[in-house]
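Me: Here is a structure I would like to go through. I want each label set against its cut-off.

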Amino acid sequence: SEPSASEIAEVVETIEDYDVRAIFVGGTASQSLLKLADAVAGEIDRPLPIVSILTGSLTPSGRGSDYLDFVRYNTEQIVEALTR
């Protein structure tokens with residue numbers, strides 16, 4: 001089900017209280033989850049990037065095609081987002 005306005009406000013308050021630097025979303029996230037992340041980020045008074053990371057299984061080719069590449073890619077995404 002869709003979150004209520006008060007639930008979204010609670011998430012926004014938590015992000016502000018803990019100075020969250022990014023929202024990490026799995027690459028296979030649904031469109032509704034991506035919209036929710038975007039809505040939450042839009043309520044913050046500063047830039048809050050939404051960063052896609054690999055989740056689930058390895059990809060057939062390219063980034064995340066083996067375990068080390070999978071972990072390396074996610075680590076790079078996380079470090080870059082947290083050091084902005």
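Reply: A helix here is a DSSP run of H or I with at least four residues, numbered from the N terminus. The model is predicted.

Me: What makes Arg-72 and Asp-69 a salt bridge?
Reply: The cut-off is a side-chain nitrogen of Lys or Arg within 4 Å of a carboxyl oxygen of Asp or Glu. The N to O distance for Arg-72 and Asp-69 is 4.0 Å, so the pair counts as a salt bridge. Both residues are in helix α3, three residues apart, which means about one helical turn separates them.

Me: How many salt bridges are found in the whole structure?
Reply: Three are found. One of them joins the side chains of Arg-46 and Asp-19, at 3.5 Å from N to O. This pair links distant parts of the chain, 27 residues apart: Arg-46 is in the loop between α2 and β2, and Asp-19 is in the loop between α1 and β1.

Me: Why is Arg-84 called exposed?
Reply: Exposed means over 50% relative accessible area. Arg-84 has 55%, so the label applies. Glu-80, its salt-bridge partner at 3.5 Å between the closest N and O atoms, has 46% and therefore counts as partly exposed.

Me: Why is Val-71 called partly exposed?
Reply: Its relative accessibility is 32%, and the label covers values between 20% and 50%. Val-71 therefore counts as partly exposed. Val-71 lies in helix α3, residues 67-82. With Leu-58, Tyr-67 and Leu-68, Val-71 makes a nonpolar surface patch of about 410 Å².

Conventions: Residues numbered from 1 in each chain as written. Predicted model: local features only at pLDDT ≥ 70, side-chain atom pairs only at ≥ 80, totals over all residues. Heavy atoms only, no water. Patch = residues over 30% accessible without salt bridge, like charges linked within 9 Å, V, L, I, M, F, W, Y side chains within 5 Å. Areas by Shrake-Rupley, 256 points an atom, 1.4 Å probe, with all protein chains shown as cover. Helix = DSSP H or I, 4+ residues; strand = E, 2+ residues; numbered from the N terminus. Buried < 20%, exposed > 50% of the residue type's maximum accessible area, 1.4 Å probe, protein only.
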